[in-house]
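Have a look at the fold first, then read on.

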Amino acid sequence: MKTIGIFPASGALGGSTYRHLLKNVPGDKVILISRFPEKVPDTYVQGGVRLRQASYESSPEELQAAFADIDVLFLVSYPSFVHEYRVKVQIPAIDAARRAGVKHIFYSSLGFGGNLTDQSLAVVMQAHLDCERHLAKLAASDPAGFTYTSVREGLYSESFPIYTAFFDAARPTPEIRIPHDGSGPGVAWVKRDELGEATARLIERYAKGPAEEFAYVNAKVLLTGNRPWTLAETAECLGRAIGKDVGIRKVGLDEYASQPQVLGKFGTPEMGKSWASAWDAIRAGETAVVTPTLGEILGRRPEDFDVTIKALVGSN
């Protein structure tokens with residue numbers, strides 16, 4: 001069986017993926033790489049998992065060393081929507097993995113771009129598109145030695161705050177003020193832990209079986225929820241979960257970006273306005289595509305958005 005690495009093996013998606021992966025894969029075949037490896041629970045280390053220290057800010061040489069002896073690498077994308085910086089740290093990590101001898105990279109992309117297109121209106125998607133192109137270029141230049149799979153993880157149900165002007169269920173307001181009127185097309189929200197589980201199963205399939213039998217070699221795969229929810233429906237769902245009326249009010253970019261909670265998250269109005277391109281993409285239908293793939297991989301119907309939200313915020 002091939003040796004699997006996860007980098008960074010921290011954060012919600014990386015942690016979910018390795019927890020599910022290690023239910024079916026021997027610990028001594030897994031290497032977890034993170035900024036703070038000591039945070040990995042001891043139970044996994046006792047099960048044979050190897051830990052290494054590195055981050056996206058590490059030098060190319062440090063990254064290459066961290067990726068040594070790994071056949072299959074799950075590269076979890078850097079948690080930022082700043083296009084230039086994300087590319088600046090992700091491309092060198094991909095190149096370091098190739099120099100280290102990694103044969104296949106699973107890359108955690110994002111569920112913008114519609115039905116696996118290579119274009120998006122969302123600024124947050126641009127670095128993913130750049131990295132997908134880079135992976136494809138590497139695979140084309142070395143078809144016998146390197147392959148990849150881009151897993152376009154659908155928009156997390158748990159990420160609803162960033163699409164609802166950082167709506168706070170503990171201190172709710174009756175209006176969500178965003179540069180969108182709440183109408184369709186919407187978002188095929190998907191539970192993050194189910195994305196981690198499905199990604200783990202894809203990695204396991206590739207690592208255990210002949211590479212030529214894996215369905216997503218040098219390809220993209222889109223994992224989505226069961227149906228698209230308009231942003232108006234999303235707000236209503238949040239309201240039901242907390243027992244209060246919540247609606248959408250469309251506002252201009254300046255008003256959206258000047259809200260205290262938005263400024264508090266993004267730091268400047270300009271950054272808030274840059275993020276607002278996500279609503280352009282939602283309006284264009286990029287996040288409304290539904291595929292059966294997640295359910296097929298899990299072997300069950302994915303959890304519906306309202307179920308996830310009730311469990312997430314219903315106690316507030």
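Predicted model: local features only at pLDDT ≥ 70, side-chain atom pairs only at ≥ 80, totals over all residues.

Residues are numbered from 1 along each chain as its sequence is written, and side-chain values use heavy atoms, with hydrogens and water left out.

**Pockets**

First, the terms. A pocket is an open set of points on a 1 Å grid over the protein atoms alone, where a 1.4 Å probe fits and protein lies on both sides within 12 Å along at least five of seven lines; lining residues have an atom within 4 Å of a point. Volume is the space filled by probe spheres set on the points, with grid points joined across faces, edges and corners. Helices (H or I, at least four residues) and strands (E, at least two) are DSSP runs numbered from the N terminus. For classes, Ala, Val, Leu, Ile, Met, Phe, Trp, Tyr, Cys and Pro are nonpolar, Asp, Glu, Lys and Arg are charged, and the others, Gly among them, are polar.

The largest pocket has a volume of about 1,000 Å³. Its lining runs to 42 residues, and Ser77, Tyr78, Pro79, Ser80 and Arg86 sit nearest the centre. Which element gives the most to this lining? That's helix 1, with seven residues. Strand 5 (104–110), helix 5 (123–141), helix 6 (160–163) and helix 10 (260–266) are also among the elements that each supply at least two. Sorted by class, the lining of the largest pocket holds 21 nonpolar, 12 polar and nine charged residues.

The second largest pocket has about 160 Å³ of space. Its lining includes Phe166, Phe167, Asp168, Arg171 and Gln259. Strand 7 (residues 175–178) gives the largest share of that lining, three residues.

**Helix 7**

(The expected span is 1.5 Å times one less than the number of residues.) As for burial, 12 of the 17 residues of helix 7 are buried, meaning under 20% relative accessible area, with exposed being over 50% and partly exposed in between (1.4 Å probe, protein chains only). Among the buried ones are Glu194, Glu197 and Glu204, along with Leu195, Leu202 and Ile203.

Most residues other than glycine have a negative phi, and most peptide bonds are trans. Here are the sites that go the other way:

| Site | Feature | Angle |
|---|---|---|
| Phe7–Pro8 | cis peptide bond | omega about -15 degrees |
| Gly184–Pro185 | cis peptide bond | omega about 0 degrees |
| Asp69 | positive phi | about 65 degrees |
| Leu116 | positive phi | near 65 degrees |

Pro8 lies in the loop between strand 1 (4–7) and helix 1, and Pro185 is in the loop between strand 7 and helix 7. Asp69 sits in the loop between helix 3 (60–66) and strand 4 (72–75), and is exposed, with a relative accessible area of 57%. Leu116 is in the loop between strand 5 and helix 5 and counts as partly exposed at 27%.

**Annotation**

An unreviewed UniProt entry carries the annotation "domain: NmrA-like" over residues 2–247. UniProt positions are given in the numbering used here, feature names are shortened, and annotations may be inferred rather than shown by experiment. Over residues 2–247 the chain is 38% helix and 17% strand, with the end C-alpha atoms 50 Å apart.
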